[in-house]
Amino acid sequence: MAHTTVYVGYTVPQLLKGASRIFPSHSALGVLRHSSFYYCTVNGTIKSKRKMDHLERTANNFRQEVITQAKVCGITNESETVKRLRLAIANKDFTFKAGQWVDFFIPGVSVVGGFSICSSPGLLEREGILELAVKHTVHPPAHWIHTECTLDSEVALRVGADLHGYQEGKGNGHKLGTVKLYYSAKNTSELLFKKNILGLMNTFPGKITCCFHVTQQRSQICKELQPHVTEGRISEKDLEKHVSNNTSWYICGPPPMIESISKLLSNIGVPENRVFFEKWW
């Protein structure tokens, strides 16, 4: 069955890390994990909880048993607020699937981080490299990455669960047809991985499309991006054209954005069991 996926969000690691698997399986973009101080469910009610640390929030999620040492081999600024961390993994038995995250252990920091992997499993297989994109916050692991982490810093990683097995276990047999990404940020400099996304659009014309939204753009938009950029927030009008029985909706962003888009989708008749999301700090 042909299938359409609409991805709505403020961040896009899920799209990129699933790119190498995007056509074999519908679930490559199906990413859910407990995050921030909210519990998230596929089709249940969103409920606020007291603020919990990463290990508490994900205590019931499957994890690999192996904790692997890693060394920082690259740090780049993806934007003013986001750093991309490249980690060299020496352990040949360390693997992950598109859609998984890592528990992030830092020597001397008691709080364990939880970060989505933004690179593909193929990069790990070819080069022994894993990448994370981490936004600056006061949360100790993220703060450490932005203020203390240097080349050759040593950390430890453990892979958490993903939705890939969950979806395949349902025996639904879906094959991904097309992907439409709505990606919103304050301005174009905060549109992380935009070159990668444009590259995917060129590689898979008609299969992957993207509409970037900017809400506080002050400078001129470059010619390469202009055809794909809309000024203003993602609206009901943008999304209602994609409503169908074969469309799945994936949302990623700050909790207020999740609440807003979820309500918008409900208003235009999207069933709850077709909406998937994650929440973070």
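Strands E4 (residues 68–77) and E5 (residues 82–89) pair in the antiparallel sense over seven bridges, where helices (H or I, at least four residues) and strands (E, at least two) are DSSP runs numbered from the N terminus, and two strands pair if DSSP finds at least two bridges between them. Four residues lie between E4 and E5, which together form a hairpin, and within this pairing Ile75 stands opposite Leu85 of E5.

The model described here is predicted, so that local features need pLDDT of at least 70 and side-chain atom pairs count only at pLDDT 80 or more, whereas totals for chains, interfaces and linings use all residues. Residues are numbered from 1 along each chain as its sequence is written, and side-chain values use heavy atoms, with hydrogens and water left out.

**The sheet**

E4 and E5 belong to an open sheet of six strands, ordered E7-E6-E9-E4-E5-E8, in which the pairing is antiparallel. Its edge strands are E7 (113–116) and E8 (129–135), each of which pairs on one side only, and the twist from one strand to the next averages 40°, with axes taken as lines fitted to C-alpha atoms, for helices over the stretch in contact, and angles running from 0 to 180 degrees between N-to-C directions. Strands of a sheet pair through backbone hydrogen bonds, either parallel or antiparallel.

| Pairing | Bridges and sense |
|---|---|
| E4 (residues 68–77) with E5 (residues 82–89) | seven bridges, antiparallel |
| E4 (residues 68–77) with E9 (residues 154–159) | four bridges, antiparallel |
| E6 (residues 101–105) with E9 | four bridges, antiparallel |

In E9, Val155 is the bridge partner of Ala70, while Arg158 of E9 stands opposite Asp103. Helix H4 (residues 140–147) lies across E5, E6, E7, E8 and E9, and runs at about 105° to E8.

**A buried histidine**

His213 has its place in strand E11 (residues 208–214) and is buried, with a relative accessible area of 0%; buried means under 20% relative accessible area, exposed over 50% and partly exposed in between, with a 1.4 Å probe and protein chains only. Leaving aside neighbours within four places in sequence, His213 is in contact with residues including Tyr182, Tyr183, Leu191, Arg233 and Asp238, contact meaning heavy atoms within 4.5 Å.

**Confidence**

The chain averages a pLDDT of 77, and 71% of the residues score at least 70, pLDDT being the predictor's confidence in each residue, from 0 to 100. Over residues 13–50 pLDDT stays under 50, and the model has 125 contacts beyond four places in sequence for that stretch; over residues 162–172 pLDDT also stays under 50, with 19 such contacts.
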